Amino acid sequence: MTENEPFDQAPLRTLLMGVARLSRRAWSADLEPYGLSPHLARAMSVIAHAGAQGIRAAELADALRVSPRSATEVVDSLAERGLADRAPDPTDRRAKVISLTAKGADLHEQISESRRNRDDALFDGLDDGERRLLADLLRKVLEHNESR
């Protein structure tokens with residue numbers, strides 16, 4: 001919101017972007033002590049959700065919506081920090097799969113818990129019913145626009 005635009009007169013888009021901006025700033029602040037960017041934390045999350053079998057770099061690139069070269073740079077950065085490993089793909093010797101190290105998995109869990117706590121704090125002005133209603137409305141907007 002701008003100083004000249006009261007909350008009660010702001011368009012939905014402006015309100016939504018304002019909440020997203022608050023969330024991004026808080027997320028960046030939560031990651032700062034770990035020396036991680038939101039981009040690296042997102043990559044860790046994608047890798048963690050792939051499970052023990054890991055994920056190929058091309059799949060990671062698709063999930064992050066970046067080029068394969070950029071995904072390689074992300075994995076290099078995580079590997080340099082001891083947070084991710086590359087290993088031969090058991091189904092294709094030429095390919096590698098990426099997984100989190102034990103250190104990476106522990107850090108991912110810490111970051112995830114921090115994020116959940118931050119999200120709870122962000123919406124603590126809403127009661128449970130209001131949170132459910134907001135979530136339902138946002139899902140409806142996403143579902144409606146996903147088919148376009």
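A residue is called buried when its relative accessible area is under 20%, exposed when that area is over 50%, and partly exposed in between (1.4 Å probe, protein chains only). With that in hand, welcome to a predicted model, where local features need pLDDT of at least 70, side-chain atom pairs count only at pLDDT 80 or more, and totals for chains, interfaces and linings use all residues. Residues are numbered from 1 along each chain as its sequence is written, and side-chain values use heavy atoms, with hydrogens and water left out.

## The sheet

Let us start with the strands. Helices (H or I, at least four residues) and strands (E, at least two) are DSSP runs, numbered from the N terminus. Two strands pair if DSSP finds at least two bridges between them. Here, three strands make an open sheet in the order E1-E3-E2, with antiparallel pairing. E1 and E2 are the edge strands, as each pairs on one side only. In general, strands of a sheet pair through backbone hydrogen bonds, either parallel or antiparallel.

E1 and strand E3 (residues 92–100) run antiparallel and are joined by two bridges. Ile 55 has Ile 98 as its bridge partner in E3. E2 and E3 also pair in the antiparallel sense, over six bridges. Within this pairing, Ala 84 stands opposite Leu 100 in E3, and Asp 89 has Asp 92 as its bridge partner in E3. A hairpin is formed by E2 and E3, with two residues between them.

## Salt bridges

Next come the charged side chains. A salt bridge is a side-chain nitrogen of Lys or Arg within 4 Å of a carboxyl oxygen of Asp or Glu. The count by this rule is ten salt bridges.

| Pair | Distance |
|---|---|
| Arg 56 and Asp 89 | 2.7 Å |
| Asp 119 and Arg 115 | 3.8 Å |
| Arg 131 and Asp 120 | 3.7 Å |

Take the pair of Arg 56 and Asp 89, whose closest N and O atoms are 2.7 Å apart. This pair links distant parts of the chain, since Arg 56 is in strand E1 (residues 55–56) and Asp 89 is in strand E2 (residues 84–89), 33 residues apart. Is Asp 89 buried or exposed? Asp 89 counts as buried, at 8% relative accessibility, whereas Arg 56 counts as partly exposed at 29%.

An α-helix has 3.6 residues a turn, so residues three or four places apart point the same way. Asp 119 counts as partly exposed, with 28% relative accessibility, and Arg 115 counts as partly exposed at 28%.

Arg 131 and Asp 120 meet in a salt bridge at 3.7 Å, N to O. Their pair links distant parts of the chain: Arg 131 is in helix H6 (residues 128–146) and Asp 120 is in helix H5, eleven residues apart. Arg 131 has 27% relative accessibility and counts as partly exposed; Asp 120, at 42%, also counts as partly exposed. Elsewhere, salt bridges that share partners join Arg 56, Asp 89, Asp 92 and Arg 94 into one network.

## Buried residues in the helices

Now for some buried side chains. Which residues of helix H3 (residues 57–64) are buried? They are Leu 60, Ala 61 and Leu 64. These residues cover an arc of only 100° around the axis, so they sit on the same side of H3; the arc is that of the directions from the helix axis to the C-beta atoms. The buried residues of H3 pack against helix H2 (38–50), E1, helix H4 (68–80) and E3. After H3 comes Arg 65, which has a positive phi, near 60°.

Another buried residue is Leu 31, with a relative accessible area of 0%, and its place is in helix H1 (residues 12–31). Contact means heavy atoms within 4.5 Å. Leaving aside neighbours within four places in sequence, Leu 31 is in contact with Leu 36, Ser 37, Pro 38, Ala 41 and Ile 111. The C-alpha atoms of Leu 31 and Ala 41 are separated by 7.9 Å, and the two residues are ten residues apart along the chain.
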